[in-house]
Amino acid sequence: MSLTLPLLVIIVLAIVGSFLARRRALSVSGGDIRHLASLPKQHGLNAILSTVVPPLLAIIAWLMAARIMEYRGAAPLWVPLAIMALAVAGVVLSVVKVSNTFRARTASETWIKGLLIGASTIAILTTVGIVFSMLFETISFFRQYPWTEFFFSTNWSPNFRGNSDLGIIPLLWGTLYISFIALAFAVPTGLFAAIYLSEYAGPRIRGIVKPAIEILAGIPTIVYGLFALTTVGPFLRDYFAQPMGFGDSASSVMTAGLVMGIMLIPFVSSLSDDIINAVPQSMRDGSLGLGATKSETIRQVVVPAALPGIVGAVLLAASRAIGETMIVVLGAGAAARISLNPFEAMTTVTVKIVSQLTGDTDFASPETLVAFALGLTLFVITLGLNVLALYIVRRYREQYE
Amino acid sequence: MNAQQDTKISARNVNVYYGEKHAIKDVSVEIADKTVTAFIGPSGCGKSTFLRCINRMNDTIDIARVTGDILIDGEDITDPRVDPVQLRAKVGMVFQKPNPFPKSIYDNVAYGPKIHGLARNKSDLDEIVERALRRGAIWDEVKDRLQEPGTGLSGGQQQRLCIARAVATEPEVLLMDEPCSALDPIATAQVEELIDELRQSYSVVIVTHSMQQAARVSQKTAFFHLGNMVEYGETDRIFTNPEDPRTESYISGRIG
């Protein structure tokens, strides 16, 4: 027996139970609902939740148990029967319990609190799941490939026939270099845009400019990549790299960095704008009242007061930059290289993860498994950045509030 | 007793409009030097609005429009050629809610002197900060923790820090917009005592909701009602023998 029937039964029972509980509540109150400790609709809600939640939990528990015990095929008959029995028990109990003194509101709020806790647990458990799924593959990678080579070799040349050099340093270098250029472009631009929007622009201009900047955030990164490939790359090559003798590659760190910077502008500007707006007007008045000009006020009072939030916004943008793939593939190419010349093609960790996992792969060779080691390293770096962001924000909060 | 003193601020036919709203109606007043002048009146009567004309803080509100003349030492400050930034260095302001900057106590006080270039070097600045904090009657409480954030002080200390911050730029006039309304009675008493001392050096204009406070700290009182300045004179006389029936009603608690 499949699990479709129990699901249907649960839904039907929930509807019936809610109806019955309301009716019974009305009847035990003798027509005057003021005699009830809880309103009829709360008895109804309690009936729905008591009918739905326990069987659903049971279904999830069964699915997990079946996976762990490596049970294949349809569930044995007793499983759907037990689930339906739980649903019936829920209906019966919640309807029977309806009385003048039963506090259905408290009961249903307990159910809801449980659901909320469940929702937040899912988010946390998923993160843990991601870490573990990468951790196991990474461990099997390091069984086949020395970790000193991985972390300290400056050479990346995978070879599917074996004997590969899998040093992360060139990839990390490309990632950090491109992210650095992106942030060096996005942070000042975004911050100045935010300052203009929150301190200088009138409400009309603000109403136009702010959504216009936020449109940038809605563009898919592959489209940014095309822009880098067809416009920015050739432009930089023809007008800067070639005349100045930096080389003649259209794919370059500069191309990817600039386009990625454009992508990050709305992150920085939108968040900073909100944060600058949250600085109380009394701060500005205090500074202006001392004879400071508007720009002195912004530089010395408003921005410092908003700094923790701005740092948070910047680190968030940095996490995005480090994890970005598409713009890099199309803008900076796929050649792993360590060079200071920003007009040379380089590549990043994420691009190599993709290229190691595309095509014919078995999940046994170090050439494939290295992708997980790369992914985990990246995860650790962005996690570190986020922790740092939280730490900075919290530290300044304590000091200034 | 102050009649023979010099006039510091002289306002003539001042009108203020917030968009369509006529907030101040044809107010003329002469404010004396080295005197505490109190503006009293019910909420929304325009006393704070008028106060904000004296250092042109209304310039920062887009919809506000001010007409008429305000002369400080004979110079018309409403003239568009007057730089409000320079004016505000001369006319300090203390606000209703203590608003220390999210900086250290030292930097809060040093802020004004720094932007106006009043100190030539670090020891100069140290001296200015100490003098301002002493005048703000808060030096003894904070001298050992000048590098701690100003926002960590208690409400009354914060307000005295803000007063110290305002006097650090050596203003000639000090405007106070309900400086004690967010403070408890003890902190209020400290700030009032401080206002009385500041009278030695400045022309102090204080807006207050509390008639007792006006009576305690001021020598001259102006009563505002619905945007008009109803009556202006010696504080003692206003409170004991008001001429206008509206002043009388307000003081005796019938309106406001």
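The largest cavity has a volume of about 30 Å³, where a cavity is a set of points, on a 1 Å grid over the protein atoms alone, at which a 1.4 Å probe fits but cannot get out, and where a volume is the space filled by probe spheres set on the points, with grid points joined across faces, edges and corners. The model is predicted, so that local features need pLDDT of at least 70 and side-chain atom pairs count only at pLDDT 80 or more, whereas totals for chains, interfaces and linings use all residues. Residues are numbered from 1 along each chain as its sequence is written, chains are lettered from A and ligands numbered from 1 in the order in which they are written, and side-chain values use heavy atoms, with hydrogens and water left out.

By this rule the count comes to 1 cavity of 30 Å³ or more. The lining of the largest cavity is formed by Ile128(B), Arg131(B), Ala132(B), Arg135(B), Val167(B), Ala168(B) and Glu170(B), lining residues being those with an atom within 4 Å of a point. Helix α4 (residues 122–135) of chain B contributes the most to this lining, with 4 residues; helices (H or I, at least four residues) and strands (E, at least two) are DSSP runs numbered from the N terminus. By class, the cavity lining holds 4 nonpolar, no polar and 3 charged residues, with Ala, Val, Leu, Ile, Met, Phe, Trp, Tyr, Cys and Pro counted as nonpolar, Asp, Glu, Lys and Arg as charged, and the others, Gly among them, as polar.

The largest pocket has a volume of about 570 Å³, a pocket being an open set of points with protein on both sides within 12 Å along at least five of seven lines. Of the 23 residues that line the largest pocket, Glu199(A), Gln281(A), Lys294(A), Thr60(B) and Asp62(B) are the closest to its centre. At least two lining residues each are supplied by α6 (169–200), α7 (203–218), α10 and α11 of chain A and by α2 (84–90) of chain B, and the largest share, 4 residues, comes from α6(A). The pocket lining divides into 9 nonpolar, 7 polar and 7 charged residues.

The contact between the chains (heavy atoms within 4.5 Å) takes 19 residues from chain A and 23 residues from chain B. The area buried between chain A and chain B, that is, the accessible area (1.4 Å probe) lost by the two parts on being put together, summed over both, is about 1800 Å², of which carbon and sulfur atoms give 63%. On the side of chain A that touches chain B, the elements giving two or more residues are α10 (281–289), α11 (294–323) and α14 (366–400) of chain A, and α10(A) provides the largest share, 7 residues. The residues of this side comprise 8 nonpolar, 9 polar and 2 charged.

Across the interface of chain A and chain B, 0 salt bridges are found, a salt bridge being a side-chain nitrogen of Lys or Arg within 4 Å of a carboxyl oxygen of Asp or Glu. A search of the whole structure, by contrast, finds 26 salt bridges over all chains. One of the salt bridges joins the side chains of Lys210(A) and Glu214(A) (4.0 Å, N to O), which both lie in helix α7 of chain A, 4 residues apart, about one turn of the helix.
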